[in-house]
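Here are a few friendly notes to read beside the model. Take them one at a time, and find each place in the viewer as you go.

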Amino acid sequence: MKVLLISERQDLRGQLNLHFKPLGLAVIQYWNPIKAMDNLDEIDPDVVIFSARDFPRHWKPFLTFLRNHRTRYATVFILLRPPDFPFEEASKAQHLGVNSLADDGLTNPADVNRLRDVIMRYKEVRDQRRSRRYVPQPEDRIEFVFSHPQTLQFVTGSVEDISALGLRFTPHREHLIEGVDTDLLISHCSLRLGDTILNLPCKVVRNDGKLSVSFDSLDRDLQESIEWYLSDHPKRELGLAGTPEA
């Protein structure tokens, strides 16, 4: 499945590749919206992600041209909007047939997940990770800590996203994960899910200042219990909303 990114920013393509490659999506970037429009039939994208910040005068003619040839189900169009994007422009986007609007930084995991959910709403996407990922909220009480295999120092931080098969973790102090290389087995890890603490080994998938790990040799029952806890988030959210204020 092909994603056409129209933006001047290379870092944006890196963000999309990081999150969309496991979904089997190939990102093709064009720095010139006119050229992308000319080559639209040749590219034949399933999804178009267009930066309104980079090309504020081009997204409307591009979207009009796209919708004259392809329906919102044939090609998903997602407009990345800057923080100061006017409400009137958002209304025009809806009128022209945009599928969704998204914040253009894509630095927040929740924003990336919403982008993914929009695509999956219109397109059949096969997630190669085989397990849905969740972005923890405060009411979930999800924490992760491990002992560095070489230095034996405890590494704490925050969980960016998690599934029943692994998680992505931002350390409080980045230098503490130096030497934690890809495929390294971390034997001493603790995962907190609410009131439960699980001790489980993890294998490093990626270390780019943030750490992606898979849960190593996880038995089926434990995997299902993690999946159950994650999928039970709506109940915890409702419970928090129903708590009376002091």
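1. A word on pockets before we start: a pocket is an open set of grid points with protein on both sides within 12 Å along at least five of seven lines. Rolling a probe the size of a water molecule over the atoms shows where empty space is left. Please keep in mind that this is a predicted model.

2. Now to the second largest pocket, which holds about 280 Å³ of space. Its lining has 17 residues, and those nearest the centre are Asn 113, Arg 132, Tyr 134, Val 135 and Gln 137. Two elements, helix 6 (109-122) and helix 8 (233-241), each give two or more residues to this lining. Helix 6 gives the most, with five residues. By type, the lining residues are seven nonpolar, seven charged and three polar.

3. Next, look at Ser 7, in the loop that runs between strand 1 (2-6) and helix 1 (10-20). Is Ser 7 buried or exposed? Ser 7 counts as buried because its relative accessibility is 0%, and the cut-off for buried is under 20%. Its side chain makes a polar contact of 2.6 Å with the side chain of Asp 54. Beyond its neighbours within four places in sequence, Ser 7 also touches other residues, including Leu 12, Trp 31 and Phe 55.

4. Finally, trace the open sheet of five strands, ordered 8-9-14-13-10 with antiparallel pairing. Strand 8 (157-162) and strand 10 (185-186) are the edge strands, each pairing on one side only. Strand 13 (residues 202-207) and strand 14 (residues 211-215) run antiparallel and are joined by five bridges. Opposite Lys 203 you will find Ser 214 of strand 14.

Conventions:
Residues are numbered from 1 along each chain as its sequence is written. This is a predicted model: local features need pLDDT of at least 70, side-chain atom pairs count only at pLDDT 80 or more; totals for chains, interfaces and linings use all residues. Side-chain values use heavy atoms; hydrogens and water are left out. Helices (H or I, at least four residues) and strands (E, at least two) are DSSP runs, numbered from the N terminus. Buried means under 20% relative accessible area, exposed over 50%, partly exposed in between (1.4 Å probe, protein chains only). A polar contact is a pair of N or O atoms within 3.5 Å; within protein, one must be able to donate a hydrogen and the other to accept it, and residues adjacent in sequence count only if both atoms are side-chain atoms. Contact means heavy atoms within 4.5 Å. On a 1 Å grid over the protein atoms alone, a cavity is a set of points where a 1.4 Å probe fits but cannot get out, and a pocket is an open set with protein on both sides within 12 Å along at least five of seven lines; lining residues have an atom within 4 Å of a point. Grid points are joined across faces, edges and corners, and a volume is the space filled by probe spheres set on the points. Ala, Val, Leu, Ile, Met, Phe, Trp, Tyr, Cys and Pro count as nonpolar, Asp, Glu, Lys and Arg as charged, and the others, Gly among them, as polar. Two strands pair if DSSP finds at least two bridges between them.
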